[in-house]
Amino acid sequence: MKEKFLFLILFAMIFAGCSKNSTKDEFGIYHDLEETISATEKSGKKILLVFTKLDSGDFNETLVNQVLHAQDYQKKIGAEFETCQIDFSKENFSSEENSDAANSSQKKSAKKTKAQTERDMRTTAIYGVETPPTVMILSPQGYVISSITYLSCINVSEFSNIIEVEREKIDAMEKMVSAVKGAEGLEKISPIDLLYENTHTNYRYQLRELCDEVVRLDKKNESGLVGKYLLARAATEAMDCYLDRKPEKAAECYTKYVSSPFLSIEQKQRCYYSAAYITGNERPSVEVSEKILEYLNSLIELDPETPFAKQAQYFSERQQNILKRQKEIEAQKNEEAQQ
């Protein structure tokens with residue numbers, strides 16, 4: 001499901017264009033996450049990241065019109081949170097940039113706002129939003145504290161109560177982030193690892209700078225965690241390949257770390273397994289099947305007795321059958337073309 005959603009988001013990024021401003025609107029709400037994070041890292045406020053699709057009506061309209069735009073919203077919520085709303089109504093994707101009827105000013109405006117929408121699309125893909133309205137509670141740095149996928153509140157008080165249910169998670173995140181900020185050198189690795197482990201796997205991309213910091217701080221792998229965070233780095237780099245519309249480079253993000261002395265055999269096998277899985281998402285072909293088999297065979301050669309290797313052996317046998325069939329079909333097409 002997430003892979004399909006990511007594809008749709010990336011497809012939309014190609015054609016995106018809209019008419020939104022990146023500064024606070026008249027209701028005190030941001031519409032650009034990067035700008036929101038810049039503001040909250042200075043103020044210390046947390047973030048309510050709200051994804052909506054107003055043209056679908058129902059809870060989206062209620063959330064915006066009766067909550068976010070209510071007169072008492074900033075008074076009750078604004079002291080603790082900055083709000084960033086990202087809306088994906090169809091009208092936001094119309095652009096005059098390439099229209100023959102558009103004047104130079106309209107084209108310039110469309111080009112500028114298209115870049116904003118591409119950033120919004122990237123945010124949506126990174127945070128894994130599938131169904132608006134979705135509200136996420138973020139730390140000032142953009143780390144996910146909680147995600148609320150269904151809202152039935154009809155006023156600010158009800159919305160505030162929903163946020164308050166997440167208070168325990170909010171407090172826990174604040175303590176972990178504070179511990180990271182208060183540590184230095186190798187002592188910083190332990191609180192980073194605690195924060196990482198207490199962050200859902202879907203939201204660890206946002207911790208990429210901290211993961212890189214572990215690798216930078218622990219050049220001799222004194223913590224024994226460098227291999228773990230090299231894998232985390234590989235995952236974020238692969239994600240970046242998809243976001244930058246270069247999926248063919250994603251597998252390399254894993255295989256390039258296999259030579260690291262800080263990775264265990266199992267971690268190296270995980271790299272090859274991830275590379276094979278990613279390659280399997282490409283359009284089927286003889287070349288793709290051969291590449292998958294190369295990764296799986298490299299995994300097995302590292303240690304054929306591990307659970308990863310035994311699973312890879314099963315997939316390798318399946319892939320060999322697929323490759324055999326692909327070659328038969330290709331040979332048949334070549335034969336027919338020569339007749």
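Colleague: Leaving aside its neighbours within four places in sequence, which residues is Thr279 in contact with?
Modeller: This is a predicted model. Thr279 has its place in helix α12, residues 265-279. Beyond four places in sequence, the contacts of Thr279 are Ala251, Val288, Lys291, Ile292 and Tyr295.

Colleague: Does Thr279 count as buried or exposed?
Modeller: The cut-off for buried is under 20% relative accessible area. Thr279 has 4% relative accessibility, so Thr279 counts as buried.

Colleague: Which residues touch the most other members of the largest nonpolar core?
Modeller: Nonpolar side chains in soluble globular proteins tend to be buried together. The largest nonpolar core here has 65 residues. Helix α10, residues 226-243, gives the most to this core, with eight residues. The members that touch the most others are Leu48 and Phe159.

Colleague: What stands opposite Leu48 in β2?
Modeller: Strand β1, residues 46-52, is joined to β2 by seven bridges, and the two run parallel. Leaving aside neighbours within four places in sequence, Leu48 is in contact with residues including Phe81, Glu82, Thr83 and Cys84. The residue opposite Leu48 in β2 is Thr83.

Colleague: Which strands stand at the edges of the sheet?
Modeller: The sheet is open, with four strands in the order β2-β1-β3-β4 and mixed pairing. Two of the strands each have a single partner strand, so one side of each is left without a neighbour in the sheet. These edge strands are β2 (81-87) and β4 (144-148).

Colleague: How many residues of β2 are buried?
Modeller: In a regular strand, side chains alternate between the two faces of the sheet. From β2, Phe81, Thr83, Gln85 and Asp87 point one way, while Glu82, Cys84 and Ile86 point the other way. All of them are buried. The number of buried residues in β2 is thus seven of seven.

Colleague: What angle does the direction of helix α2 make with that of β1?
Modeller: Helix α2, residues 33-43, packs on the sheet. The strands that α2 touches are β1, β2 and β3 (134-138). The angle between the directions of α2 and β1 is about 165 degrees.

Notes. Residues are numbered from 1 along each chain as its sequence is written. This is a predicted model: local features need pLDDT of at least 70, side-chain atom pairs count only at pLDDT 80 or more; totals for chains, interfaces and linings use all residues. Side-chain values use heavy atoms; hydrogens and water are left out. A nonpolar core is a set of buried Ala, Val, Leu, Ile, Met, Phe, Trp, Tyr and Cys residues joined through side-chain atoms within 4.5 Å. Buried means under 20% relative accessible area, exposed over 50%, partly exposed in between (1.4 Å probe, protein chains only). Contact means heavy atoms within 4.5 Å. Two strands pair if DSSP finds at least two bridges between them. Axes are lines fitted to C-alpha atoms, for helices over the stretch in contact, and angles run from 0 to 180 degrees between N-to-C directions.
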